[in-house]
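Thank you all for making time this morning.

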Amino acid sequence: MKQIDSDQLRDLLKVYFIMGSANCRIAPAKVLKEAVAGGITMFQFREKGTGALTAQVRFNLGRRLQKICRANGVPFIVNDDIDLAIALDADGIHVGQDDTPALAIRQLLGEDKIVGVSAHSLAEAQQAIADGADYLGIGPIYPTSSKEDARAVRGTSIIKEIRNSGITIPLVGIGGITVHNAAPVLAAGADGISVISAIAGAEDITLAARGFVHEVNSNGS
Ligand SMILES: Cc1ncc(COP(=O)(O)OP(=O)(O)O)c(N)n1
Ligand SMILES: Cc1ncsc1CCOP(=O)(O)O
Ligand SMILES: [Mg+2]
């Protein structure tokens with residue numbers, strides 16, 4: 001099958017919500033339903049951190065969240081775990097620099113799945129593209145408390161540097177993004193923003209997601 005069209009993927013990346021049970025104050029399925037109601041465009045199941053679910057319970061939560069995504073036409077991406085992505089027949093996977101290499105992921109999944117790769121520098125972005133990435137997650141743009149082993153904060157200049165190099169692949173900023181600081185990420189050249197805490201931890205999750213949708217549609221290209 002054919003690799004996903006870049007412009008279609010750009011649209012899907014606009015408001016990319018990421019979470020696992022450790023990020024939720026209420027049931028993850030409820031969090032996801034409320035975020036979907038607010039208009040998120042893509043979802044990543046990232047079940048890691050203190051108290052993260054394992055084995056069958058993890059699979060079951062993934063299946064539950066995937067069903068919600070499917071019912072609402074939101075692509076369901078699995079973080080890190082190629083076996084889980086295959087077992088669930090997810091729409092794609094997101095891997096970082098310390099995970100299974102993107103080249104191996106592309107060979108294992110074939111062309112018709114979405115492969116996202118984290119990059120913290122221009123060199124990593126170029127390598128990820130050569131390895132077959134469909135999109136890049138660039139960051140941390142701002143300080144984050146959602147990832148214990150996060151790399152140094154890069155600011156929006158990393159996105160500008162990647163775009164100025166001529167790279168046109170779809171990309172999202174990640175790390176500490178809120179509705180108040182999303183605009184510079186988009187202005188720097190990102191197609192969308194990826195968010196954990198500003199949506200999962202919001203008092204009103206639907207309203208928070210809707211705020212990001214409005215921000216991206218007002219400031220995006
Ligand atoms: C969209 C997006 N971008 C970056 C990341 C971070 O991936 P990684 O560096 O592998 O870190 P973990 O999320 O696995 O802790 C991401 N998950 N999604
Ligand atoms: C997974 C990840 N990768 C880089 S920063 C980050 C965490 C983003 O979470 P938040 O949106 O809460 O800062
Ligand atoms: Mg990872």
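What pLDDT does the protein average? The average is 96, and 99% of the residues score at least 70, where pLDDT is the predictor's confidence in each residue, on a scale from 0 to 100. Please keep in mind that this is a predicted model, in which local features need pLDDT of at least 70 and side-chain atom pairs count only at pLDDT 80 or more, while totals for chains, interfaces and linings use all residues. Residues are numbered from 1 along each chain as its sequence is written, and chains are lettered from A and ligands numbered from 1 in the order in which they are written. Confidence in the protein is lowest in α5, at a mean of 95, and highest in β1, at 99; helices (H or I, at least four residues) and strands (E, at least two) are DSSP runs, numbered from the N terminus. For the complex, the predictor gives an ipTM of 0.99 and a pTM of 0.98.

Let me turn to the ligands. Ligand 1 is surrounded by 17 residues, of which G96, S118, G137, I174 and S194 are the closest; a residue counts as near when its C-beta atom, placed from the backbone, lies within 6 Å of the molecule. At least two residues of this shell come from each of β1 (15-19), β4 (92-95), β5 (114-119) and β7 (171-174). By type, the shell around ligand 1 divides into 5 nonpolar, 8 polar and 4 charged residues, if we count Ala, Val, Leu, Ile, Met, Phe, Trp, Tyr, Cys and Pro as nonpolar, Asp, Glu, Lys and Arg as charged, and the others, Gly among them, as polar. Around ligand 2 there are 14 residues, with T144, S146, G175, I196 and S197 coming nearest, and that shell divides into 7 nonpolar, 6 polar and 1 charged.

Next come two annotated positions. An unreviewed UniProt entry lists D80 and D99 under "binding site", with positions given in the numbering used here, feature names shortened, and annotations that may be inferred rather than shown by experiment. They span 20 residues in sequence, yet no two of their C-alpha atoms are more than 6.3 Å apart, so they gather at one spot. D80 sits in the loop between β3 (76-79) and α4 (82-88), and D99 in the loop between β4 and α5 (102-109). Why does D80 count as partly exposed? Because D80 has 18 C-beta neighbours inside 10 Å, and the partly exposed class lies between buried (20 or more other C-beta atoms within 10 Å of a residue's own) and exposed (12 or fewer), with C-beta atoms placed from the backbone.

D80 also has a positive phi of about 70 degrees although it is not a glycine. A55, in helix α3 (residues 55-71), likewise has a positive phi, near 50 degrees, and A55 is exposed, with 7 other C-beta atoms within 10 Å. Finally, the peptide bond from G139 to P140 is cis, with omega near -5 degrees, and P140 is found in the loop between β6 (135-138) and α7 (157-164).
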